[in-house]
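The structure comes first, then the details.

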Amino acid sequence: MPKNTLQVFCGSANPELAKRICAYLDIHLGRAEFNHFPDGEIDVKVHDDVRGCDVFIVQPTSPPVNEHLMELLILIDCLRRASADRITAVMPYFGYARQDRKAEGRVPITAKLVANLITTAGAARVLAIDLHAPQIQGFFDIPVDHLHAGKVILNHIQKLAIPNLVVVSPDVGGIKMARAYAKRLSADLAIVDKRRSGPKDVEAMHVIGEVAGRNAILVDDMISTGTSIAEAARTLRKHGAQKVYLCATHPVLCADALEKIRKAQPDATVVTDSIPLGAKAESGLFTVLSIDGLLGEAIRRIHRSESVSVLFT
Ligand code: R5P
C-alpha cells in the first residue's frame, strides 16, 4: 500500500515561498541538497524517504532560468527514481512562456519544449500561476491546474478603496486579465495600444478608453525589463490619468527594470512573491503580496483529491 504522505521540496529558486507554503500546510520542507560538480553540472541529493509519497516541488523557472529549470528537472528525476508515488511541479512562474508559437520562420516553440522536458522527467501534474499564455496548459498531456494571483492582488487593491478607478491593460494581449480585474472592482477598462519595436524596446502609443482625471491600475502578468509597464504608465499620465498603480504577478525584473519603474514614478507597484525580490526589495518600490495561501490550499486540495476550481475565481 502506498503511504501517500504529502511532501514538499524545492530547488534554489524560491525556498522562502516553499517554506511559507509548508507553514500553511503545517509540514516540514523536504530536505534536498544541491551542489555543483567542478564543471558546473548540478548534483542533487534528497535526504528524506519519499517512497510512495505524494510529492510537490516548488520551483519558479525565474532567472537564472536555465539553472532553475535544470534543478527542477533533475529533482523530478531524483524523486522519481527514489520511488515517489506522484510528483507535481509547482511552478509559481513558468519561464520560456513567451516563446509559445512560431511568430516567424526558423524559431523554436520553447514553451512546448519545456513542457515536454518536465513531463519526460517524470512530473505527473503541474500547478502554475498566471501563465503568460493560458493555452500553455495544452502543451502538457498531464493535468495542469492554472491559478490566478488576481485573487490575492484584488484583495489588496480593494482595501485601498481607490476612487474613480479605471483598470488598464498595457497591451492588447493582456485584455483578458485586465477585464477580470475590472469586473471584480466594478471599474471601467482601458487599453494601451503597445507596439514592440524589438524584444527589449517598446513604443507605447494610443490609449483606448477614458483615463483623463481617473486613477489607473495597470495590470500585467509580469514585469520583465519593465519597458511595457513603465511606458504604459507614462502614456497614461500623458493622457491625463491622476494616480497610476502598477500590478503584476511575476517580478522578473531583469536588466534595468528597477530604474525604469523608478522613473515612471508609480503611486505603488504591487507584485507577488512568485519570484523572490532579494536585494531589489530594498529599493522600497514594491508592495509584495504572498501567494503562499493560494498555492498551499491548492496543494492541500490536490493531495486530498478535492476540487481546486473554487480557487480559480
Ligand atoms: C507582454 O506580452 C507581457 O504581458 C508583458 O507585458 C511583457 O512580457 C513584460 O515585459 P517587459 O517588462 O520586458 O516589457
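## Around Asp145

Asp145 touches Arg125, Val126, Leu127, Ala128, Ile302, Val308 and Phe312, leaving aside residues up to four places away in sequence. Contact here means heavy atoms within 4.5 Å. The model is predicted: local features need pLDDT of at least 70, side-chain atom pairs count only at pLDDT 80 or more, and totals for chains, interfaces and linings use all residues. Residues are numbered from 1 along each chain as its sequence is written, and side-chain values use heavy atoms, with hydrogens and water left out.

Asp145 sits in strand S7 (residues 144-147). Strands (E, at least two residues) and helices (H or I, at least four) are DSSP runs, numbered from the N terminus. Asp145 counts as buried because its relative accessibility is 10%. The classes are buried under 20% relative accessible area, exposed over 50%, and partly exposed in between (1.4 Å probe, protein chains only).

## Salt bridges

The structure holds 15 salt bridges. Each is a side-chain nitrogen of Lys or Arg within 4 Å of a carboxyl oxygen of Asp or Glu. Asp145 pairs with Arg125, with the closest N and O atoms 2.8 Å apart. This pair links distant parts of the chain: Arg125 is in strand S6 (residues 125-129), 20 residues from Asp145. Both partners, Asp145 and Arg125, are buried.

Glu297 bridges to Arg300 at 2.5 Å, N to O. Glu297 also bridges to Arg301, at 2.9 Å. Glu297 and Arg300 lie three residues apart in helix H8 (residues 292-303), about one turn of the helix. For Glu297 and Arg301 the spacing is four residues, also about one turn. Glu297 is buried at 11% relative accessible area. Arg300 is partly exposed at 23%, while Arg301 is buried. Elsewhere, Asp77, Arg80 and Arg81 form a salt-bridge network.

## Domain interface

The domain assignment, automatic or from a database, gives domain 1 (6-148 + 292-312) and domain 2 (150-289). Their C-alpha centres lie 27 Å apart.
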